[in-house]
Amino acid sequence: MNRSRSLLKYSISRLLLAPVMLWLISTLVFLLLRVAPGDPVDAILGIRADYAAREALRVKLGLDASLLTQYFKYLNCLIHGDLGESLNNQEPVRQLISNTLPASIELGVIAIIIAITIGLAVGFTGIARPEGKTDLIGRLFGIGTYALPPFWAAMLIQIFFAVILGWLPVGGRFPPNLIEPEGSGFLIFDSIKTGNLQALLGSIRHIILPASTLGILLSGIFSRSLRLNLDKILTTNYIQAAKSRGIKDRQVILKHAFPNALLPVLTIAGLTIASLIGGALLIEITFSWPGIALGLQDAISQRDYPVVQGIVVIISSLVVTISLLVDIAIAFIDPRISFN
Amino acid sequence: MAIWGSWLLGAYLMVALLTPLLIRVGFLPDGQLGLNSPVYAPPSFDHWCGTDRLGRDVCVRTLQGTGVALQVVFLAVTLAVFIGVPVGLFSGYAGGVIDRIMVLIMETLYTVPVLLLSVVIAFVLGRGILNAAIALCVVYIPQYFRVVRNQTGQVKTELYIEAARAMGAGPLWVMRRYLFKNVLTSVPVLLTLNAADAVLVLGGLGFLGLGLPETIPEWGSDLNMALDAVPVGIWWTALYPGIAMFGLVLSLSLLGEALEDLVCGS
């Protein structure tokens with residue numbers, strides 16, 4: 001009774017924190033882009049542009065108003081879901097993000113499924129014979145996946161499997177000779193829903209390389225944290241007790257140690273993935289996967305200021321929300337967490 | 001692992017020091033020039049790692065990237081320590097409302113994906129070594145803040161701090177004299193691990209077309225240039241800068257892990 005009440009209190013206080021954090025992030029991005037040394041107008045036009053052009057752009061971006069007015073206008077627009085429009089083609093930034101986000105989410109979800117599968121498998125094979133050869137390889141795998149620059153690992157995989165062997169497409173998301181199925185923007189899901197087998201196969205062929213690259217790179221986090229936690233748990237009294245009762249090692253690890261090791265793994269993974277996803281998404285650029293990172297790169301190269309701002313605010317907000325939800329979910333699952 | 005890490009890092013430092021010298025002496029060609037060389041030449045005796053799309057030597061450019069990467073990363077991490085540690089110390093010591101607000105701000109900064117935060121700053125500041133270092137350092141300040149603040153919170157209730165205060169020591173004196181040294185133990189581990197991460201983020205910035213000026217050879221931007229040539233099977237422009245980056249991150253991570261074991265063990 002006491003616990004469920006404190007749990008509820010905890011969840012509510014975390015949820016109330018979410019808007020505050022989102023506000024902080026948007027304020028931070030605003031401040032960075034406006035107050036930091038360096039003028040957005042310079043950033044867009046370059047310092048050699050003539051005076052009239054610079055002033056015109058300043059008025060167009062609303063940069064001629066006072067900072068406080070700009071800030072309130074910006075917040076007001078954000079609350080109403082208005083992220084401004086692209087300087088490049090006048091497309092609303094919101095439209096641009098909602099066009100590219102499904103591709104990123106599709107890639108991310110499949111990659112995380114792959115990451116969990118590989119990560120847990122590697123973590124387990126290591127713990128079965130601690131300090132053995134497989135264990136060492138497993139630990140090196142953990143550090144190695146971290147040290148690999150994601151976009152470079154993606155390039156190597158691309159060169160080997162797509163260019164040299166030619167098994168899979170080099171990049172893109174969908175075969176250019178087919179028509180994309182209409183719907184949610186999640187191509188695999190849409191293809192299944194419309195029963196379009198060709199489209200389904202095409203999109204699966206395209207997602208294999210990017211998703212497995214991202215999955216393998218992220219799996220290191222899972223294998224490492226599982227390994228560390230299992231290590232810690234295997235020295236505890238209840239495991240010793242289980243062993244002394246004559247239960248086989250395999251049984252002990254699977255039935256007694258694993259469930260307890262899993263939760264910290266989820267916590268760490270939830271937080272790390274959230275912060276890693278920014279870096280890992282760079283592989284979108286390598287595979288020309290039409291997701292949000294590719295949009296960001298385009299915006300940067302065209303110095304499209306509102307788009308950069310919008311993408312950063314949206315991704316950061318998503319990440320903050322996800323990590324808050326992970327916190328709450330874990331508090332619900334793990335009975336050992338106390339809230340004081 | 002610590003030994004491998006140190007040797008590898010030592011090798012990188014040597015390369016960073018020797019490459020500019022060897023270029024000045026004329027033993028190595030400058031990685032910025034290459035108009036006389038064939039474009040996209042595969043590795044050969046003249047160009048050990050081949051040439052890129054402007055005929056520049058990939059090997060020399062990769063070597064030159066080492067010094068720049070080390071400089072930027074060192075600058076960034078030092079800046080982060082110099083800002084994060086005092087702020088954390090202050091916040092932990094002050095406690096109360098100030099502390100709560102600081103923690104909230106830093107936690108929010110911490111949850112924003114590393115690369116995105118530095119993308120915004122790098123985008124605004126433009127290219128340059130110092131600018132890239134600033135863009136990177138902001139990402140790591142919350143980490144020092146967090147560690148130092150938590151430790152300050154623990155240490156400040158110790159008896160000797162109370163004694164010092166009872167004898168009339170002011171807050172600045174207590175922070176400088178008693179707290180500072182006690183909270184510093186965890187900084188070296190964080191510093192090494194952050195340096196490893198910073199190499200990756202700097203590469204990521206370069207890959208996105210931000211960070212360092214085009215006149216400075218940098219691994220990330222070289223890899224981005226290599227991207228266009230990958231579909232036609234030109235692998236050498238993509239391979240070597242990446243290996244260099246991987247090795248540097250690996251050496252710093254190995255070193256950081258070893259330091260962590262040392263600190264936790266003792």
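**Notes on a predicted two-chain model**

1. Ser288(A) sits in the loop between α12 (283–286) and α13 (292–301) of chain A; helices here are DSSP runs of H or I with at least four residues, strands are runs of E with at least two, and both are numbered from the N terminus. The phi angle of Ser288(A) is near 35°, a positive value in a residue other than glycine.

2. A word on the ground rules. This is a predicted model, in which local features need pLDDT of at least 70 and side-chain atom pairs count only at pLDDT 80 or more, while totals for chains, interfaces and linings use all residues. Residues are numbered from 1 along each chain as its sequence is written, chains are lettered from A and ligands numbered from 1 in the order in which they are written, and side-chain values use heavy atoms, with hydrogens and water left out.

3. Chain B is built from 10 helices and 0 strands. Its C-alpha atoms fill a box of roughly 75 × 40 × 30 Å along the principal axes. Of the 266 residues in chain B, 53% are buried. Among the contacts in chain B with a separation of 6 or more, 74% are between residues 24 or more positions apart (contact means heavy atoms within 4.5 Å).

4. Now to the place where the chains meet. Chain B brings 47 residues to the contact, and chain A brings 47 residues. Together the two chains bury about 4,200 Å², with 83% of that on carbon and sulfur atoms; buried area is the accessible area (1.4 Å probe) that two parts lose on being put together, summed over both. Phe123(B), Val124(B) and Leu208(B) supply 17% of the area that chain B buries against chain A, more than any other three residues.

5. What polar links cross between the chains? There are 4 residue pairs in polar contact between chain B and chain A, both residues at pLDDT 80 or more. A polar contact is a pair of N or O atoms within 3.5 Å; within protein, one must be able to donate a hydrogen and the other to accept it, and residues adjacent in sequence count only if both atoms are side-chain atoms. On the side of chain B that touches chain A, α3 (96–111), α4 (114–125), α8 (187–207), α9 (219–227) and α10 (236–265) each supply at least two residues. The most comes from α10(B), with 11 residues. That side of chain B divides into 36 nonpolar, 8 polar and 3 charged residues (Ala, Val, Leu, Ile, Met, Phe, Trp, Tyr, Cys and Pro count as nonpolar, Asp, Glu, Lys and Arg as charged, and the others, Gly among them, as polar).

6. The count of salt bridges between chain B and chain A is 1, where a salt bridge is a side-chain nitrogen of Lys or Arg within 4 Å of a carboxyl oxygen of Asp or Glu. Glu257(B) and Arg224(A) meet in a salt bridge through their side chains, at 2.4 Å from N to O.

7. Over all chains, the structure holds 6 salt bridges. One of them joins the side chains of Asp222(B) and Arg61(B) at 2.8 Å, N to O. This pair links distant parts of the chain, with Asp222(B) in helix α9 of chain B and Arg61(B) in helix α2 (residues 58–94) of chain B, 161 residues apart. Are Asp222(B) and Arg61(B) buried or exposed? Both are buried.

8. Another salt bridge pairs Arg149(B) with Asp99(B), their closest N and O atoms being 2.8 Å apart. Arg149(B) lies in helix α5 (residues 129–155) of chain B and Asp99(B) in helix α3 of chain B, so the pair ties together parts that are 50 residues apart in sequence. Arg149(B) is partly exposed, at a relative accessible area of 22%, whereas Asp99(B) counts as buried at 8% relative accessibility.

9. Finally, the aromatic rings: a search of the whole structure finds 8 aromatic pairs over all chains. Rings of Phe, Tyr and Trp (its six-membered ring) pair if their centres lie within 6.5 Å; planes under 30 degrees apart count as stacked, over 60 as edge-to-face and the rest as tilted. Phe30(A) and Tyr74(A) have ring centres 5.1 Å apart and planes at 35°, so the pair is tilted. Phe30(A) lies in helix α1 (residues 2–35) and Tyr74(A) in helix α4 (residues 67–79) of chain A, 44 residues apart. Both Phe30(A) and Tyr74(A) are buried. Ring pairs link Phe30(A), Tyr71(A), Phe72(A) and Tyr74(A) into a cluster.

Terms used
Buried < 20%, exposed > 50% of the residue type's maximum accessible area, 1.4 Å probe, protein only.
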